[in-house]
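Here is a short tour to read with the structure open on your screen.

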Amino acid sequence: MADITRRLGWRHLRGAPTAHIRHHRGGTLLHDGPGLSFWFRALTAALSEVPVDDRELAMTFHARTSDFQDVAVQATVTYRIGDPALAAARLDFSIDPDTGVWRGAPLEQLGTLLTETAQQHALDVLTRTSLASALVDGVSAVRERIAAGLDAEPRLPATGIEVVAVRVMALRPEPEVERALRTPAREQIQQEADRATYERRAVAVERERAIAENELASQIELARREEQLVEQRGTNARREAEEHAAADAVRAEAEATRSVRLARAEAEGARAVGDAKAQAQAAWLRVHADVEVATLHALAGTRLAENLPNIDSVTISPDVLTGLLAKLGAREPE
């Protein structure tokens, strides 16, 4: 919308760069172009503002397929006004000189023209297409047909309209039909999910079985090795016992040999001692054989006195003393 200000009966218009302004006075074109700024009188000026920027027109309409199913088409048409002078001549783009607002609704007229044209060509395609085909390939087919139809539509160039692009976002059936169409796919997806679950469970069971078999094989191998270990320990124990027995036999034999030798040495020592004692006794007897009986008695008494305990006093009878003295007196002459 143009910006118009008032100054003492004059008006000043300032347009946007994307708005084409046409100013007529008395049937004469005074200003023509985008982004203009000028002064004018409201009573004598005829102003038109034509947008020249790209505009998008969103449209939604219903169609029926060849199998009598309703579908909703969502599309967008991008267009621009390529010839502002022609558009201003064919449509009412005049603006109020005081407010700058369009007097009519030219963009609505353009929208109706584009929507009806696009809808006509889309219906022509969908009425010869089944619902299943429309849902699979209908978007591209409808887009191409609408673009071709708008390019071939003679009213658009005659109005100065250029179509920039056509986009079709969706083709949707009725909610009940859509749910019915989704059911087989959902069931198939559910079946795939169930099959994947069963396969995953089967794989898990197979892995558990393999793990159990590995554990059993490990236990069997462990038991076999334990049996070998027990057997080896028994062999080692028998070998150790044999070694100990052999060592004990050698030790016993050595001990017996030593005992025999010791006994022989002791016997020889005892025999030598006995011989020495016998010889000493024989010598002692030979020595005492020549001694008188009285001397032997005296020696015996001396030996007896040595072996007796301490005697504090000795009582000698007169008979003994008389006999001793007589014997001693009888030997003095010698």
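## A helix and its neighbours

The buried residues of helix H2 pack against S7, S8, H3, helix H4 (155-159) and S9. Please keep in mind that this is a predicted model. The buried residues of H2 are Pro106, Leu110, Gly111, Leu113, Leu114, Thr117, Ala118, His121, Ala122, Val125 and Leu126.

How far does H2 reach from its first C-alpha to its last? With its 21 residues it reaches 30 Å, close to the 30 Å expected at 1.5 Å a residue.

H2 (residues 106-126) lies across S7, S8 and S9 and runs at about 40 degrees to S7. Those three strands form an open sheet in the order S7-S8-S9, with antiparallel pairing. Strand S7 (55-64) and strand S9 (161-173) are the edge strands, each pairing on one side only. From one strand to the next, the twist averages 20 degrees.

S7 and strand S8 (residues 70-81) run antiparallel and are joined by 10 bridges.

## The nonpolar cores

Which residues touch the most other members of the largest nonpolar core? They are Leu126, Val142 and Ile146, in a core of 33 residues. The elements that give two or more residues to this core are S7, S8, helix H1 (84-90), H2, H3 and S9. H2 gives the most, with 7 residues.

Leaving aside its neighbours within four places in sequence, Ile146 is in contact with Ala118, His121, Ala122, Val166 and Val168. Of these partners, Ala118, His121 and Ala122 are among the buried residues of H2.

A second, separate core has 9 residues, including Leu13, Ile21, Phe38 and Leu47.

## A second sheet

Another open sheet of 3 strands has the order S4-S3-S6, again with antiparallel pairing. Strand S4 (28-34) and strand S6 (45-51) stand at its edges with a single partner strand each, so one side of each is left without a neighbour in the sheet. Here the twist averages 15 degrees from one strand to the next.

Strand S3 (residues 19-25) is joined to S6 by 7 bridges, and the two run antiparallel. His24 of this pairing stands opposite Ala46 in S6. On its other pairing, S3 is joined to S4 by 6 bridges, also antiparallel. The bridge partner of Arg25 in S4 is Thr28. The hairpin of S3 and S4 has 2 residues between the strands, and in it Gly26 takes a positive phi near 65 degrees.

Glycine is one thing, but what about other residues? Most residues other than glycine have a negative phi, and most peptide bonds are trans. Two residues are worth a look against that background, and the table sets them side by side.

| Residue | Phi | Loop | Relative accessible area |
|---|---|---|---|
| Leu8 | about 50 degrees | between strand S1 (3-7) and strand S2 (10-14) | 88% |

## An aromatic pair

How many aromatic pairs does a search of the whole structure find? The search finds 2. In one of them, the rings of Phe93 and Trp102 have their centres 6.1 Å apart and their planes at 70 degrees, so the pair is edge-to-face. Planes over 60 degrees apart count as edge-to-face.

Phe93 is buried, with a relative accessible area of 1%, whereas Trp102 counts as partly exposed at 27%.

Notes: Residues are numbered from 1 along each chain as its sequence is written. This is a predicted model: local features need pLDDT of at least 70, side-chain atom pairs count only at pLDDT 80 or more; totals for chains, interfaces and linings use all residues. Side-chain values use heavy atoms; hydrogens and water are left out. Two strands pair if DSSP finds at least two bridges between them. Helices (H or I, at least four residues) and strands (E, at least two) are DSSP runs, numbered from the N terminus. Axes are lines fitted to C-alpha atoms, for helices over the stretch in contact, and angles run from 0 to 180 degrees between N-to-C directions. Contact means heavy atoms within 4.5 Å. Rings of Phe, Tyr and Trp (its six-membered ring) pair if their centres lie within 6.5 Å; planes under 30 degrees apart count as stacked, over 60 as edge-to-face and the rest as tilted. Buried means under 20% relative accessible area, exposed over 50%, partly exposed in between (1.4 Å probe, protein chains only). A nonpolar core is a set of buried Ala, Val, Leu, Ile, Met, Phe, Trp, Tyr and Cys residues joined through side-chain atoms within 4.5 Å. The expected span of a helix is 1.5 Å times one less than its number of residues.
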